[in-house]
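This briefing covers one protein model, from its overall build down to single residues. Please look at the sequence and the structure before reading the points.

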Amino acid sequence: MRQFIKPNILLSSCLDDIACRYDGSSVRSPFVKRLKPYANFVTVCPEVAIGLPTPRQALRIISVNDSEHRLVFSKTGEDITDKMKAFSESFREELLSEEIHGVILKGRSPCCGIKDVKVYKACGKSSATSKKTSGLFAEKILEKFPHIAVEDEGRLMNYTIREHFFTRIFTLAEFQTIKKKSIEELIKFHNENKFLFMAYSLFNLKKLEKLVTDNKTTSLKSLLEEYEGHLNKVLSVYPRPLRNINMLLHLFGYFSKELSQHEKAFFLDNLASYGNKKVPFSVPLAIIHTWVIRFENEYLLGQTLFETFPSDLIEVTDSGKGV
Ligand code: SF4
């Protein structure tokens with residue numbers, strides 16, 4: 001079993017069962033509850049942080065002259081945009097002293113929603129427009145951390161988004177510990193993640209590879225900075241089925257001479273089924289994994305690809321929405 005470093009996650013307080021919503025309620029998020037033992041949460045409720053009481057009047061975002069969004073109390077129209085912006089900016093500066101590996105915010109909130117917040121024409125009984133936007137607090141966080149995973153609890157109900165989120169936060173948390181060590185540790189990290197990165201982007205994998213092999217003249221600090229930049233690029237896209245298939249065929253090549261015709265045919269059939277969206281990626285990957293164990297391939301046994309996050313977090317449900 002792989003040992004995982006706990007990632008630091010910025011979290012909307014109400015998702016951590018803290019009753020800070022405008023109506024005095026909290027949000028029960030089974031996802032957050034499951035993740036809690038495996039992560040360090042930094043919680044924040046921007047509305048409470050600027051001094052609003054709980055319970056309080058609901059807020060909304062209104063569009064002014066079709067060009068500007070303002071945060072106002074839904075009933076009275078009192079405008080608290082500047083106060084929220086000032087808080088969000090100072091909060092994100094404070095956050096820079098902490099290493100944050102991922103963000104989970106409450107969807108649809110006029111402060112925390114990342115992209116699905118309703119925009120109203122005015123306060124009072126006015127209806128919502130067809131436009132959606134980011135909450136004021138979320139907007140500042142997205143600006144400051146363009147390279148880390150920022151999701152809301154609704155999107156994380158989607159299987160692909162969730163698995164990708166977990167892979168990113170646990171890989172980044174591990175990389176942060178490498179940053180405090182040596183070039184040897186960086187090479188080890190790179191080698192152990194090679195097939196994971198190959199699934200994401202062969203192009204960026206080659207760039208990372210070049211960095212760790214041509215490291216003679218570069219200082220460790222600048223090497224790590226450059227490596228981190230490419231690592232963030234690698235992890236910022238979703239692995240595509242074709243890339244996964246190519247990577248699995250690469251792994252298959254390690255064993256093809258040792259396998260019977262039936263075993264090869266069985267694997268290739270399952271790979272084709274994965275390509276046709278009839279079985280998940282985990283099926284052909286598990287077949288390869290059994291061969292890695294059976295043939296005791298030490299190099300492949302150390303690959304993170306076979307366990308990119310703690311297995312207790314595996315959840316096969318899928319909302320089917322998002323990505
Ligand atoms: S969504 Fe954000 S602002 Fe609203 S209660 Fe939750 S943490 Fe507070």
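Predicted model: local features only at pLDDT ≥ 70, side-chain atom pairs only at ≥ 80, totals over all residues.

Residues are numbered from 1 along each chain as its sequence is written. The protein has 13 helices and eight strands, where helices (H or I, at least four residues) and strands (E, at least two) are DSSP runs numbered from the N terminus.

**Overall build**

- Taken along the principal axes, the C-alpha atoms of the protein fill a box of roughly 75 × 50 × 35 Å.
- Of the 323 residues in the protein, 34% are buried. A residue is buried if 20 or more other C-beta atoms lie within 10 Å of its own, exposed if 12 or fewer, and partly exposed in between, with C-beta atoms placed from the backbone.
- Among contacts between residues at least 6 apart in sequence, 67% join residues at least 24 apart. Two residues are in contact if their C-beta atoms, placed from the backbone, lie within 7 Å.

**Domains**

- The protein is divided into domain 1 (8-157) and domain 2 (181-323), with bounds that come from an automatic or database domain assignment.
- The C-alpha centres of domain 1 and domain 2 lie 34 Å apart.
- Six residues of domain 1 are in contact with six residues of domain 2. On the side of domain 1 that touches domain 2, the residues divide into three nonpolar, one polar and two charged. Here Ala, Val, Leu, Ile, Met, Phe, Trp, Tyr, Cys and Pro count as nonpolar, Asp, Glu, Lys and Arg as charged, and the others, Gly among them, as polar.

**Ligand surroundings**

- The residues around the ligand are Ser-12, Ser-13, Cys-14, Cys-20, Arg-21, Cys-45, Pro-46, Glu-47, Lys-106, Ser-109, Cys-111 and Cys-112. A residue is near a molecule if its C-beta atom, placed from the backbone, lies within 6 Å of it.
- This shell consists of six nonpolar, three polar and three charged residues.

**Helix H6**

- In helix H6 (residues 183-192), the buried residues are Leu-186, Phe-189 and His-190. Seen down the axis of H6, they fall within an arc of 95 degrees, so they line one face of the helix. The arc is that of the directions from the helix axis to the C-beta atoms.
- The buried residues of H6 pack against helix H5 (159-178), H7, helix H8 (202-213) and helix H9 (220-235).

**Helix H10**

- Helix H10 (residues 241-252) has twelve residues and reaches 16 Å from its first C-alpha to its last, close to the 16 Å expected at 1.5 Å a residue. The expected span is 1.5 Å times one less than the number of residues in the helix.
- Met-247, Leu-248 and Leu-251 are the buried residues of H10. They cover an arc of only 100 degrees around the axis, which puts them on the same side of H10.
- The cover over the buried residues of H10 includes helix H7 (194-200), helix H11 (261-275) and H12.

**Backbone exceptions**

- Most residues other than glycine have a negative phi, and most peptide bonds are trans.
- Thr-54 and Pro-55 are joined by a cis peptide bond, with omega about -5 degrees. Pro-55 is in the loop between helix H2 (46-49) and strand S3 (59-64).
- Asp-17 is not a glycine, yet has a positive phi of about 65 degrees. Asp-17 is in the loop between strand S1 (8-12) and helix H1 (30-35), and counts as partly exposed because it has 13 C-beta neighbours inside 10 Å.
- Glu-296 is a residue other than glycine with a positive phi, near 45 degrees. Glu-296 is in the loop between helix H12 (282-294) and helix H13 (298-301), and counts as exposed because it has 8 C-beta neighbours inside 10 Å.

**Two further loop residues**

- Ser-26 is in the loop between S1 and H1, and counts as partly exposed because it has 14 C-beta neighbours inside 10 Å. Not counting residues up to four places away in sequence, Ser-26 touches Cys-14, Asp-17, Ile-18, Ala-19 and Arg-21.
- Arg-56 is in the loop between H2 and S3, and counts as partly exposed because it has 15 C-beta neighbours inside 10 Å. Arg-56 and Asn-232 are 176 residues apart in sequence and 39 Å apart in space, C-alpha to C-alpha.
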